[in-house]
Every structure is written in C-alpha cells, then in structure tokens.
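Morning, everyone. Please have the sequence and the model open while I talk.

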Amino acid sequence: MIDPVTILGISSLSALLALVIMGSLARGGIPGTREWGWANVALVCGILLLVSHAALPPWLSVIAGNATIGGAAILQLIGLQRFFRRHPAYRLCAVPFVAMVGLIAYFQYGRDSMAARVVVFSLYHAGFSLALGTLVVLHRPRDRPAYAYVFMLGVAYAATVLHLTRAMAYLSGSVAAHGAFTATPLHVVFLAIGTMAAPALTIGMVMMTHDRMSAALERHANIDYLTDLLGRRAFTQAADRECQRARQFGRPLSLAILDIDFFKQINDRFGHAGGDDMLVHFAAQMRDTLRDCDIGARIGGEEFAWLLPKTRAAATQRVLAQFRTRMAETHGMIGNRPVPCTFSAGIAEFAAGDSLDALMARADAALYQAKHAGRDRTVIGPRPPEHQRVSLGADRAPRPAAWAPHTESSFAATAEHPHASGDAALAERRVEHRP
Ligand SMILES: Nc1nc2c(ncn2[C@@H]2O[C@H](COP(=O)(O)OP(=O)(O)OP(=O)(O)O)[C@@H](O)[C@H]2O)c(=O)[nH]1
C-alpha cells in the first residue's frame, strides 16, 4: 500500500505545480490570484514540515506544519473574497486559526492523541471549504457562463464532505490511529482523496480567473471606452438580434442615428479633451433616457445609434424630442464652462423583409437630411410601403382605424417610451417628415 509520506509528497508537488499556474496569472492583475499563489506556497511548506517529522521536533513539524497548512486555507478564503471584491475577513479567520493551532498543540503536548489532532484539522478545513463554496454560491456573476463557478463550488463542497467524513471516522474510532504516517487503509484513502482537494480548488480558481479575464476582454471589445455605451460591432450584433425578433414576432422596431452638430468646432475651441468631455456628457444623458430594452451605442466619432424595440417611429421622435430638451437643459460642462450642444437625428422604422443594413441606411439618409436642412432637428426616414409595415398581433394595441400613410399618428407607438410624452413632442421644434 502506498504510504502517507509518498501521498503527502505528491500533494506537495501538485501544490507546487498549482503555484506555477497561479504565477502565470499573476500579471493579469485579477484580485485574489496573489493570495491563491501564496496559499500554494504555504501548502508546499506546510506539507514539507509534516513529512519531515522524523528530522524535526514536534513543535516545528506538527504544530508549525498544521499552522502553515491552516494559513493556506485562510489565504484561499481571503483570495476568493478579494476575487469577488468582498472585504477580506481577516479577523473572522483568526478565531478558528488560533483555536485550531491551540487544540493541535494541546493534543500533541497535553493529551497526545493523533485521532484528536486529525479531527481538529479536518473540522477546521471543512469549515473553510464550506465558506469557499458558499462564497461562490452567493457571489458568482449571473451573467457569465456557470461552468467555472459550478466546478469551484462543487470541489469546495466535496472537500467539506470529505473533511467532515474524516473527522467523523476518527471521532467514532473507525480509523485505527496508529500514527500520522502509518499506512492504515482508511487513513491512506482519506489522505489520497484529500490530496486532490487543494489542486482541484486551484484549478477552479484558475478557471474563474480565466472567466474574469474573458469578461474583461469581451467588455473591451464590446464597450466604447470613452462613453461606456456599446461599440459599433456589439451594437450591430445586438441590433441584428432585435431585427430578427421584430421579424419573427411582427412587432415594431425603430432606429435613430444621432450626430452632434458642429462637433469639429467644439474640438477646435476646447481641444480634443474638451470634445471628449462633451461626448461623455452626451452619452450619459442618452443612457439616462434609454429604457431597459433600448440599445444605445456610439457607432462613430460623434455619431450615436439608439435602437428602440416595440416602438414606432412617431414615439421614437417624441423620445428624441424629450432628449433634445434634456440636452438643452443640461449643457455639457467642459472644464467649468457650460457649453451648449445640439444634435441632428434620423429615424427609420423596421419593415417586414427589412435588414439591419437597410434600416441603418434609411436612418442615415434621414440624418443626412436633418443636417442638410440646418441641423438641430429630427427627420423620420422614408416609410416602407404599406404592405411591408410590421403588423401588430391581436394582443397588441390596434393600429389607428383611419391609417393615413403620411401623418405621424399613423406611426403610433405600441410600447410608449416612459420618457416620451406629448409635451416632449411639442418640444421637438422642427420635425420634418420625409414621405
Ligand atoms: N474629441 C473627439 N473628437 C472626435 C472623436 N472622434 C472624432 N472626432 C472629431 O469629430 C469631428 C467631426 O467633424 P465633422 O465630421 O466635420 O462633423 P461636425 O463638425 O460635427 O459637423 P456636422 O456633423 O456636419 O454638424 C472631427 O473633428 C473629428 O476629429 C473623439 O473620439 N473625440
């Protein structure tokens, strides 16, 4: 039968390998990885102290060895708390740590009992494994694939069960406690399974770290760094999905393209950084006006897209009117100077058989018209032919009975934007409607 010293040697080697893997992630700057690296260092040192029992006094081998391995468990927990951006519970961890070291010292020097030492050690580690699993359950990000997190909590809870079972087995006397390094069958089985716990936990941590890095990369690829709105690529993907839904469920969808007027002059007057401030201000006002289901994006330098599902062009126009009022009331601040900012916009409404490209082209053409007509206005783009308009289902608000193709009322919204009011529509001073 494989002897416990060999098992612990393998365990120490796997902790060393885990340390190397954690080291490769250190430069990623993900919170918690540093603590997990140190946890593996502590694990290697602790195991080396334990297996050197023949050459070392008990205070160094047994007491310091167990304390070091106990410290590794604390570092794992603190690392995970940092990973989830929680406040590290150093003080809370200190209590079981002091109790564990004290009891192990007692069962070494006071009443020498290897079984009692194993029970104390196992209960301590069961508590920390339970805390690890529970942290993952409570704080795992719901918008990310669950795989890494489920793996981590599975390993943590399996380790909890293992440590508790081991404690029970030693408490009940079903494991003959001849000595920590005597190869009795159950003792070896517990050690062998337990050996897997630390590297498996580290693998879980590595997987979660990779997921955090992927999330950061995805964000980097999808979100405009300046305005925090979607970038063009992510907008196109999201808008494509909305077009499919509009097509599939026959529900309305509108797209507005907004462009800040005379932005070059703002740049010329206040510098590029001043222009950036204005873009940030514009995006912030836009974000505050978006409904949860709307999609807002910066698709070019000073060009923004606003997709409004379940919304007709006329309702979109009222939303933009309200947004225009908001922009007029809240000047962009460049330095400490309020700077007025107007925008032009083009709106297009989705039609059956439409594509995103065609929708964007119509909104773009309408924007061009708005610019051409003097700026600071909204133009609704050419309406699709009557037979192409997306029809409303029976469960939706009925189309006005006398639908007149060239009047705005014919584009009545089915899902009114919360910010779109009649007053706001009045505030839209110069709305053109291109037939
Ligand atoms: N500050 C800043 N400026 C940008 C950014 N991206 C593009 N620009 C500038 O935006 C300006 C756009 O100018 P134009 O395309 O002439 O448009 P405009 O001056 O707004 O004129 P109209 O659109 O016709 O009203 C250019 O000077 C670009 O250099 C950016 O990220 N930050």
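A word on the source before I go on. This is a predicted model, where local features need pLDDT of at least 70, side-chain atom pairs count only at pLDDT 80 or more, and totals for chains, interfaces and linings use all residues. Residues are numbered from 1 along each chain as its sequence is written, and side-chain values use heavy atoms, with hydrogens and water left out.

Back to α6. Helix α6 covers residues 147-172 and has 26 residues. Helices here are DSSP runs of H or I, at least four residues, and strands are runs of E, at least two, numbered from the N terminus. From first C-alpha to last, α6 reaches 37 Å, close to the 38 Å expected at 1.5 Å a residue. The expected span is 1.5 Å times one less than the number of residues.

Next, α11, residues 356-372. Its 17 residues should span 24 Å at 1.5 Å a residue, and its end C-alpha atoms are 24 Å apart, which agrees.

Which residues of α11 are buried? They are L356, L359, M360, R362, A363, A366, L367, A370 and K371. Buried means under 20% relative accessible area, exposed over 50%, partly exposed in between, with a 1.4 Å probe and protein chains only. These buried residues pack against α8 (232-249), β1 (253-260), β3, β6 (343-349) and β7 (378-380).

Now the strands. β2 (residues 295-298) and β3 (residues 303-309) pair in the antiparallel sense over 4 bridges. Pairing takes at least two DSSP bridges between two strands. The two form a hairpin, with 4 residues between them. I295 has L307 in β3 as its bridge partner. From β2, I295 and A297 point one way, G296 and R298 the other, and all are buried.

Over to α2, residues 33-51, where E35 is found. Is E35 buried or exposed? E35 is buried, because its relative accessible area is 8%. Leaving aside neighbours within four places in sequence, E35 is in contact (heavy atoms within 4.5 Å) with L75, I78, G79 and R82.

Last stop, V189 in helix α7, residues 185-222. V189 counts as partly exposed, because its relative accessibility is 41%.

That's the tour.
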